[in-house]
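Dear colleague,

Please find the structure below, handed over for your reference. A short account of the findings follows.

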Amino acid sequence: MHAEPHADAAPARASTTRLYEVASRVREEVLDIHRSFAPLRTVLGEVGLLALNASVACARLGQAGRTFATVARDLHSTSLDLSSRIDDVEGAFHEAARLVVVWTLAEGQAESFRAAVAAIQARNGRPANMKGLPLWTAEAGARWRSRAVDTRVTEPERLLARLLLAEREKMLGAMFELTYLIGGLERHVDRIRWAAVRQTRYLRVLASIERAHLNDQAGAVDAVVAAMESLDQRISALEEAARDRVLGLTLHTRAFERAQSADS
Amino acid sequence: MRTQTIFDDGVRRWVVFGRDPSRAQQVIDTNQYLVLHEGKGMLLDPGGVEIFPPYVAALTAEVALSDVESIFASHQDPDVISSLSLWRAVRPEVLCYASWCWTGFIAHFGGGHAPIPIPDEGGPLPLGSSRDLRSIPAHYCHSSGNLHVWDPRAKILFSGDMGAALVPNGAPLFVEDFAEHIKYMEGFHKRWMPSNRAKNAWVKRVRALNPELIAPQHGSIFRGADVGRFLDWMEGLQVGSAVP
Ligand SMILES: [Fe+2]
Ligand SMILES: [Fe+2]
């Protein structure tokens, strides 16, 4: 965990710093987290395929396979259901990636404008008096706003101050949006995890029960049941891996919410 | 214990057991349902330890124990499923289904193993050769992991504690005067149901199913026009009364 805000800092500034720290960690992790959910898509494809195999096995069994067909049908609707949920999450991750880019670009631009102001000040033999104050702080915002209309400084400095402020707005906007997005994402991902684990497990149990009813006539069904078992194990392993990720996200989001309420 | 068939098309049959005059008075009255498909049975909320003896006696007049395939628990309450270990003792092969929320808790009632965990979305409940019975979500109505059973063939919804009424001894099996019946269920729903949002979602889901009977675990069964009356009444009710 990062250090608590300095005791000597002003409270408003301390919580904004905290806010920025938390959001920065979210930014670093968002792409990484996205990658870690990619195997879900693969597993999902297998659920769909398995549903197809199960239907084929049922069709081969004719009348005897009629009962097993319920499992196949539910497996199919489970895979569709999970697929649409994963679509939602992927959409959200794409949006998150876009916000990360907007934020990072804006931050870079703003830093360049600030460096340009410092260079002008150095050229004119004045001390670089706007250095060292983090851009995201309210205090920095206020100082640059007054700089932008300060007639005692040169026109290029005022222009650069205005440009810097515009980039700062973009940067903060993207940062807030990203963190809200992550808050919603956490719930989405959580639902997928639970649904994937519990729905497939329930169907796996039903499949074994159905298999027991079929006695020896149903070799084709055995392959389906075995595949469901291995799928169940793999989804469980994925779920465990995802749990840590989601926990990390949750901690960040909660910290962000806390910092935000301290800030307001 | 009284026994009455509430649906029978020659293949599927629903039987309700309850209104036991010899019941110990400290025990809340419950309805036990048996669903039969071509003679194979599933017990819905088989009840507590106290009513096990009269229930077994009444049940075996309708179905052989060896034909009881499964038990469904709508939630974890003692009046729903505390008899589980006794059922496992008389019928070791019986399958028990319950919400994943409660399997580890229900295992405390004994019987050696936890129920099969049903996901939040519900799912099929095999019975005999039939595969049309389904558990459907009724979470927070009243338990956090709550499921009801929908039978599309009989158009019966087993609704657990939704629609439950604390009726006096000798009350009719079916609701006869809805306005009169409200007083037996109002207090129960206001206090035992925690969430207006969950309750309204349930009403919406049940309306879409369009059941002919709503069969609760306590009190009288709703049929025909009383189904709609009950859903309308439920929709208008403010629940969660213990929080001012
Ligand atoms: Fe209950
Ligand atoms: Fe109950």
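**A buried arginine and the contact between the chains**

Arg19(B) counts as buried because its relative accessibility is 10%, where buried means under 20% relative accessible area, exposed over 50% and partly exposed in between (1.4 Å probe, protein chains only). This is a predicted model, in which local features need pLDDT of at least 70 and side-chain atom pairs count only at pLDDT 80 or more, while totals for chains, interfaces and linings use all residues. Residues are numbered from 1 along each chain as its sequence is written, chains are lettered from A and ligands numbered from 1 in the order in which they are written, and side-chain values use heavy atoms, with hydrogens and water left out.

A polar atom of the Arg19(B) side chain lies 3.1 Å from the backbone oxygen of Ala171(B). The side chains of Arg19(B) and Ser220(B) are joined by a polar contact of 3.4 Å (a pair of N or O atoms within 3.5 Å; within protein, one must be able to donate a hydrogen and the other to accept it, and residues adjacent in sequence count only if both atoms are side-chain atoms).

Turning to the interface, chain A and chain B bury about 1400 Å² between them, 62% of it on carbon and sulfur atoms (accessible area, 1.4 Å probe, that two parts lose on being put together, summed over both). Across this interface there are 3 salt bridges (a side-chain nitrogen of Lys or Arg within 4 Å of a carboxyl oxygen of Asp or Glu). Arg131(B) forms a salt bridge with Glu210(A), with the closest N and O atoms 2.4 Å apart.

With kind regards
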